[in-house]
Amino acid sequence: MMKRRGILGVIAAAALAAGLGGNAMAADGLEIRLGSISPVEGADYKAAATFAERAAELSDGAIKVTIFPNSSLGTYKEMLEQIRAGALEGIYESMGIVGPWHPLGGLEAVPYLYRDADHFFRVWRSDLGEEVLEALAAESNFRLIGPAFRGFRQMSVNRNVEKVEDLDGMKLRVPAIPAYVEAWRALGVSPTPVAFEEVYTAIQQGVVEGQENPIGLIYDHHFNEVSDYLVLSNHMAETLGFIFNEAWWKELSDGQREILAQAATASADWYRAYTEENEQRMIDALAEKGMTVVRPELDGFVERARTAEIDPAIAPWVEKMRAVE
């Protein structure tokens, strides 16, 4: 079923591209099709909607963003392939999904890279953050705008984890991205790549013992229905953003790029406020739904994480990011 939906998504995106033209440039403005794996009720969708609304406001309606939620255009990998081929303008997802195409995507898989949300934004709204995104665009042909924080990644699993040794041998779903696999290997689990769209069923059937994602995704995708424990490990933070084809981005006017950048920043600000206001509420709600909330001793996690091999291509960036005050 998942493969069929993915194929249908590719066909749908190709049909949309044929109908709107190669760069979806309408006669009276700009039309952007934006893919997402988020359900309509999810925070990711609401952040994308904030981007769409702000872009329309700033352009007096000349820029129209249409969001395709709930993996309706395929998996995130399939949507990235569509973006590369020019059949889709963009996707709202984390930089990590670019990992198979460029090592900079692996930055978000470095455990305990950020001290807190403030540190995250000091990195990404600095000259250093801009340098990273420019390098990503130049070397991968993917342009990410509006770096956003949706909370640290946590674990929803069917094993109590109170110390790092409790991870040993656990079959944990991780994204099929080398940097993620290596980071979790260092932490002691048996990292098992599974497409996100198949994770719920994989946990339900016992193929894996659980998964890890920000609280909002655990809540929005109802992982509490198949996982007994919510382990607050704070192990990684994604760089969420609007990802476009760099060649397409360069075809836009300076004014269009500025409007989209401002809209993306507004979306990131909305997501930060949403996370700060709602993360604890979602944790409490997951507990009420039956999950046991665990706050493990993290010193062991941090110690093991230091043994993860970091790709030499991103090691200098990691050092600079950790040094940001």
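**Figure 1. An aromatic cluster in the predicted model.** Two rings of Phe, Tyr or Trp count as a pair if their centres lie within 6.5 Å. By this rule, Tyr-114, Phe-120, Phe-121, Phe-149 and Phe-152 make up one aromatic cluster. The structure shown is a predicted model. A search of the whole structure gives 13 aromatic pairs.

**Figure 2. The stacked pair of Phe-51 and Phe-242.** The ring centres of Phe-51 and Phe-242 are 4.0 Å apart. Their planes meet at 25°, so the pair is stacked. Phe-51 belongs to helix α2 (residues 43-58) and Phe-242 to strand β10 (residues 240-245), so the pair ties together parts that are 191 residues apart in sequence. Phe-51 is buried, with a relative accessible area of 0%. Phe-242 is also buried, at 0% relative accessibility.

**Figure 3. The edge-to-face pair of Trp-101 and Phe-142.** Here the ring centres are 5.8 Å apart and the angle between the planes is 70°. Trp-101 lies in the loop between β3 (90-94) and α4 (117-124), while Phe-142 lies in strand β4 (residues 142-148), so the pair ties together parts that are 41 residues apart in sequence. Trp-101 is partly exposed, with a relative accessible area of 23%. Phe-142 is buried, with a relative accessible area of 1%.

**Figure 4. Phe-51 in the largest nonpolar core.** This core has 84 residues, and among them Phe-51 and Leu-260 touch the most other members. Helix α10 (residues 254-288) gives the most to the core, with 10 residues. Leaving aside neighbours within four places in sequence, the contacts of Phe-51 include Leu-34, Val-65, Ile-145, Phe-242 and Phe-244. Leu-260, Ala-263, Ala-264 and Ser-267 are also in contact with Phe-51. Another core, of 21 residues, lies apart from the largest one and has Met-155, Val-161, Met-170 and Tyr-180 among its members.

Figure 5. Gly-86 follows α3, and its phi is positive, near 80°.

**Figure 6. The buried side of helix α12 (residues 315-323).** Trp-317, Val-318 and Met-321 are buried in this helix. They cover an arc of only 100° around the axis, which puts them on the same side of α12. The elements that cover these buried residues include α4 and α5 (127-140). The charged end of Lys-320 sits over the ring of Trp-317, 5.1 Å from the ring centre.

**Figure 7. Arg-281 over the ring of Tyr-219.** Arg-281 lies over the face of Tyr-219, at 5.8 Å from the ring centre.

**Figure 8. The salt bridge between Asp-118 and Arg-272.** Side chains of opposite charge can pair when their charged atoms come close. In this pair, the closest N and O atoms are 2.3 Å apart. Asp-118 is in helix α4 and Arg-272 in helix α10, so distant parts of the chain, 154 residues apart, are linked. Asp-118 is partly exposed, at 39% relative accessibility. Arg-272 is partly exposed too, with a relative accessible area of 21%. The count for the structure is 17 salt bridges.

**Figure 9. The salt bridge between Arg-143 and Glu-134.** The closest N and O atoms of this pair are 2.9 Å apart. Arg-143 is buried, with a relative accessible area of 9%. Glu-134 is partly exposed, at 36% relative accessibility.

**Figure 10. The salt bridge between Arg-153 and Glu-212.** The closest N and O atoms of Arg-153 and Glu-212 are 2.6 Å apart. Arg-153 lies in strand β5 (residues 153-157) and Glu-212 in strand β8 (residues 210-214), so the pair ties together parts that are 59 residues apart in sequence. Arg-153 is buried, with a relative accessible area of 2%. Glu-212 is buried, at 0% relative accessibility. Salt bridges that share partners join Asp-44, Arg-150, Arg-153, Glu-212 and Glu-238 into one network.

How values were computed
Residues are numbered from 1 along each chain as its sequence is written. Side-chain values use heavy atoms; hydrogens and water are left out. Helices (H or I, at least four residues) and strands (E, at least two) are DSSP runs, numbered from the N terminus. Rings of Phe, Tyr and Trp (its six-membered ring) pair if their centres lie within 6.5 Å; planes under 30 degrees apart count as stacked, over 60 as edge-to-face and the rest as tilted. Buried means under 20% relative accessible area, exposed over 50%, partly exposed in between (1.4 Å probe, protein chains only). A charge sits over a ring if NZ of Lys or CZ of Arg is within 6 Å of the ring centre and within 35 degrees of the ring normal. A nonpolar core is a set of buried Ala, Val, Leu, Ile, Met, Phe, Trp, Tyr and Cys residues joined through side-chain atoms within 4.5 Å. Contact means heavy atoms within 4.5 Å. The arc is that of the directions from the helix axis to the C-beta atoms. A salt bridge is a side-chain nitrogen of Lys or Arg within 4 Å of a carboxyl oxygen of Asp or Glu.
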